[in-house]
Amino acid sequence: MSQPRNAVQEMTNKVFPVLEQCAGATDAAGAWPTRSIQALRDSGLLGLTLPKEVGGQGAGMADFVKVTEKIALRCGSTAMIYLMHVCGAQVIAASPSPKKSDLMKQMAAGKALATLAFSESGSRSHFWAPVSKAARNSTSTVLNCEKSFVTSAGQADYYVVSSGAINGKSPVHSTLYLVEKGAPGITYGNWNGMGLRGNASGPMTIAGCHVDDASRLTAEGEGFKALMDTVLPWFQIGNAAVSIGIADAAATAAATHAANTHFEHLGQSIAESLPGVRARLARMRIAVDSARAYLNQTVDKISSGAPDVMLFVLGSKALAAETALNVTDEAMRACGGAAFNRSLSVERNFRDARAASIMAPTTDVLYDFIGKAVTGLPLF
Ligand SMILES: Cc1cc2nc3c(=O)[nH]c(=O)nc-3n(C[C@H](O)[C@H](O)[C@H](O)COP(=O)(O)OP(=O)(O)OC[C@H]3O[C@@H](n4cnc5c(N)ncnc54)[C@H](O)[C@@H]3O)c2cc1C
């Protein structure tokens with residue numbers, strides 16, 4: 001993998017040792033990764049993709065993908081928190097809100113962590129169709145939403161919240177709002193996930209929460225456009241990078257285990273002794289590198305505005321999520337009981353990898369979209 005630019009590399013060099021130290025304990029305790037997130041805040045990486053004028057790094061998707069993959073290689077939970085932050089930051093940066101300049105400065109300075117609160121209990125993984133409805137009084141908009149999963153719930157400083165538009169005529173008439181941590185009417189539920197256990201991806205209830213006009217992040221009813229134009233590409237490629245990082249961690253750990261663990265009675269390592277394990281390791285390596293190549297091609301297509309870019313944007317998350325499921329399963333088998341009894345990080349990778357395929361748009365939905373696209377049908 002090529003290295004990110006030098007300034008970014010300096011930032012990551014400060015963060016990676018902390019992630020390596022904390023990832024296992026974060027998972028075991030199912031606890032918010034306080035030290036890892038503080039390291040991210042201190043490093044400047046929260047402003048990676050924000051403009052230099054607000055103190056950000058002005059980096060594009062290529063650097064974002066590299067950094068996110070390398071975070072996921074070390075800690076899946078932290079990588080998903082980072083991905084959600086960057087998606088939230090991109091929505092805020094693209095918004096017409098008069099608050100955005102100050103907010104971007106806060107994020108670049110590490111003082112503000114953002115996230116997305118889209119999925120609702122009513123429309124489940126169909127995040128593009130919130131069932132909640134915003135209402136209007138004389139001075140503000142009132143939000144009432146049951147959000148089913150929100151990464152960094154109760155921990156993030158800012159929430160990009162979707163809601164059915166005021167007087168919206170269809171489920172895709174939505175509006176995006178900025179809601180601050182601690183705003184009246186917000187409560188957070190618990191998170192006890194199978195994987196990504198440090199994520200705090202619990203439910204969030206927003207009941208009678210008043211937001212001013214400056215907190216509207218899209219024009220009324222234009223939320224769907226922001227979801228498609230901004231959130232979809234950043235989330236898809238970032239989620240793919242998380243899956244590839246997790247899969248690479250498992251492939252690398254399995255190869256290290258096979259090379260350094262011995263059958264004493266044969267005088268050989270597992271790798272020397274077992275061609276079947278060598279073949280598994282080969283399949284894993286090819287799968288990880290192929291998914292990465294597809295993702296890099298997607299990023300190139302986004303920057304060049306290639307006509308078939310949407311197919312690749314949809315495909316990159318689906319391919320990476322499937323790859324992560326397959327590779328972490330192969331890694332569990334290659335490492336045998338050593339992985340099963342949790343003496344290796346492979347079983348954490350196996351559990352963490354399972355989230356991507358059910359995070360919206362889920363892999364099933366992506367296959368349906370891609371099937372529609374290649375047969376000339378409209379996606380919605
Ligand atoms: C770790 C984690 C973190 C998350 N973080 C966030 C967050 O920060 N913000 C946020 O908004 N959401 C977040 N989510 C929610 C996520 O994006 C999905 O909305 C959620 O996982 C869907 O779960 P569900 O039980 O509602 O799925 P359901 O919608 O009930 O889906 C059940 C099954 O049906 C399939 N299915 C659904 N629709 C179709 C279709 N049209 N065609 C074919 N198959 C279909 C799905 O693929 C799935 O296999 C997170 C989820 C997880 C697991």
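**A walk from a loop to the ligand**

Let us start with asparagine 167, which lies in the loop between strand 4 (158-164) and strand 5 (174-180); helices (H or I, at least four residues) and strands (E, at least two) are DSSP runs, numbered from the N terminus. This is a predicted model, where local features need pLDDT of at least 70 and side-chain atom pairs count only at pLDDT 80 or more, while totals for chains, interfaces and linings use all residues. Residues are numbered from 1 along each chain as its sequence is written, and side-chain values use heavy atoms, with hydrogens and water left out.

Asparagine 167 is not a glycine, yet its phi is positive, at about 60°. The peptide bond that joins alanine 360 to proline 361 is cis, with omega about -10°. For background, most residues other than glycine have a negative phi, and most peptide bonds are trans.

Now turn to the ligand. Among the 19 residues around it, Ser119, Arg124, Ser125, Thr362 and Asp364 come nearest; a residue belongs here if one of its heavy atoms lies within 4 Å of the ligand. That shell divides into eleven nonpolar, six polar and two charged residues. Here Ala, Val, Leu, Ile, Met, Phe, Trp, Tyr, Cys and Pro count as nonpolar, Asp, Glu, Lys and Arg as charged, and the others, Gly among them, as polar. Domain 2 (115-219) and domain 3 (224-374) each give at least three residues to the shell, with bounds from an automatic or database domain assignment.

Polar contacts (pairs of N or O atoms within 3.5 Å) bring in the detail. A backbone N or O atom of serine 119 is 2.7 Å from a ligand oxygen, and a side-chain N or O atom of arginine 124 also lies 2.7 Å from an oxygen atom of the ligand. For threonine 151, a backbone N or O atom is 2.8 Å from a ligand oxygen. Strand 1 (114-117) and helix 12 (363-374) are the elements that give two or more residues to the shell.

Note on methods. A polar contact is a pair of N or O atoms within 3.5 Å; within protein, one must be able to donate a hydrogen and the other to accept it, and residues adjacent in sequence count only if both atoms are side-chain atoms.
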